[in-house]
Amino acid sequence: MPNLKDIKRRIDSVKNTQKITKAMKLVAAAKLRKAQEAVEASRPYSERMLEVMKGIALRASPEASPLLERRQAQNIVIVVYSGDKGLCGPFNSSVLKTTQKLIAENEGKGISLILLGKKARDFFKRRKVKTLDTILDVARHDLYDLAEKVADIAINAYTEGTADAVYLVFNKFKNVVVQIPQTASLLPVETRTAEEEGEHALADYEYEPSAEEILEEILRRYVISQLHQALLESQASENGARMTAMDAATKNAKEMIDDLTLDYNKARQAAITTELIEVVSGADALEG
Amino acid sequence: MSESNDSQESLQLEVLTPGKMVARVSVPMVTLPGAEGYFGVLPGHMHLITRLKPGIVTYEDGGMPRRMAISTALVEVAPEKVIVLARSAELGGDIDLDRARASLEEAKARIASLPEGDEGHKEAEAESQRALARVQAVEELGE
């Protein structure tokens, strides 16, 4: 027979846990709303940036900038967006799994990583993969500055020739329940899709100071904008995943409390019954 | 450039930052802080892509003069539109003058304390240009 006091103690402890998961869910929901707004707000900029970049890159030859030049991929760099905290469902594990798959697909090539978030750092610390840079406490950074920093590391590696391709792995935000781990190609910069092949802009453009310099700068800013947009998506995904996970945890806690309360009541009933039997049989004994 | 653009009377001006769309208006003319100095853009301007310095973008929105402080930016000019892609942009009315003045002073102090050619010196110069643009945007609007 479980002790009444023990059951009561367990109920209280589960109730406390439930309070925490509920609070975390509310915090995640508030952060998610902000993060989603940020994704939306930055979209016009990145769309325009893409248009301007495509406009100029379509008119430029692939040799015009090292960032457009396609090379046999001997060495690749993978940028990984993970989180600093757990308790957010599959958010971290799916990104890490996708990264590992990408690494396996590129076996035999030189691979180096740029890691964001404690989870990615801890995961790859035990595995022998070279890291170019690790950035922790992502949420405390200005995300655009962070994107700029990562872009410059990637661009440097690409221009120096220590990387022939740069990929980005992150969680794309679909909705609160669904976040899709994605691999995006950052460098070389993709300038045209198949249907745009053969399209030519007719307008004559002027560039100041020079077409090469402007192209260089636009490509850099385009890469930053891609990294920035993905960071915002990742942030929304993390909060969405946490909200869903904490909602499930709160529901589980409720079920557990219900079960325990049932046990508690049964145990209490049993105790009362036992006491009654004792009293009755005691009285019987006296009468007899 | 095609002839049909000559009849046009206004330009679509868009000012975008990574954080938000700051302006999207139809304007008769816009002045931009080019690398070689301020220049005006009228409808029918030739295609141009260039860099902008931290400075002030001036235009008229429904007859009201507007001044906007921008940081380093890229601009694409076409006969019918002007797209400014800036790291930051603030309309004159939105700028906190005291804060802008304070950061201008701070940047000036840093310029003075650091040797020329130093990485921080360059940054401080850019910062002071940005702060100056913000201060000017407010002051000139007030006059």
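Student: How are helices and strands assigned here, and how many does chain A have?

Tutor: Helices are DSSP runs of H or I with at least four residues, and strands are runs of E with at least two; both are numbered from the N terminus. By that rule, chain A has 5 helices and 6 strands. Along the sequence they follow the pattern α-β-α-β-α-β-α-β-β-β-α. This is a predicted model: local features need pLDDT of at least 70, side-chain atom pairs count only at pLDDT 80 or more, and totals for chains, interfaces and linings use all residues. Residues are numbered from 1 along each chain as its sequence is written, while chains are lettered from A and ligands numbered from 1 in the order in which they are written.

Student: In what order do the strands of the open sheet in chain A lie?

Tutor: Start with the general idea. Strands of a sheet pair through backbone hydrogen bonds, either parallel or antiparallel. Here, two strands pair if DSSP finds at least two bridges between them. The open sheet of chain A has 5 strands in the order β3-β2-β1-β4-β5, with mixed pairing. Its edge strands are β3 (130-135) and β5 (179-187), and each pairs on one side only. Neighbouring strands are turned by 20° against each other on average, direction ignored. Axes are lines fitted to C-alpha atoms, for helices over the stretch in contact; angles run from 0 to 180 degrees between N-to-C directions.

Student: In which sense do β1 and β2 of chain A pair, parallel or antiparallel?

Tutor: Parallel. β1 (residues 75-81) and β2 (residues 110-116) of chain A pair over 7 bridges. Within this pair, Tyr81(A) stands opposite Leu116(A) in β2(A).

Student: Which strands does helix α2 of chain A lie across?

Tutor: Contact comes first: two residues are in contact if their C-beta atoms, placed from the backbone, lie within 7 Å. Helix α2 (residues 91-105) lies across β1, β2, β4 (165-173) and β5 of chain A. It runs at about 155° to β4(A).

Student: What radius of gyration does chain A have, against that of a compact globule?

Tutor: The radius is taken over C-alpha atoms, and the globule rule is 2.2 Å times the number of residues to the power 0.38. For 288 residues a compact globule would be near 19 Å, but chain A has 29 Å. Its C-alpha trace spans about 115 × 40 × 35 Å along the principal axes.

Student: Is Asp137(A) buried or exposed?

Tutor: A residue is buried if 20 or more other C-beta atoms, placed from the backbone, lie within 10 Å of its own, exposed if 12 or fewer, and partly exposed in between. Asp137(A) has 10 such neighbours, so it counts as exposed. Its phi is positive, about 50°, although it is not a glycine. Leu87(A) also has a positive phi, about 55°. With 16 neighbours, Leu87(A) counts as partly exposed.

Student: How many residues of chain B are in contact with chain A?

Tutor: 17 residues of chain B are in contact with 21 of chain A. β5(B) gives the largest share of the chain B side, 4 residues. β6(A) and β5(B) pair in the parallel sense over 3 bridges. There, Tyr207(A) stands opposite Ile49(B).
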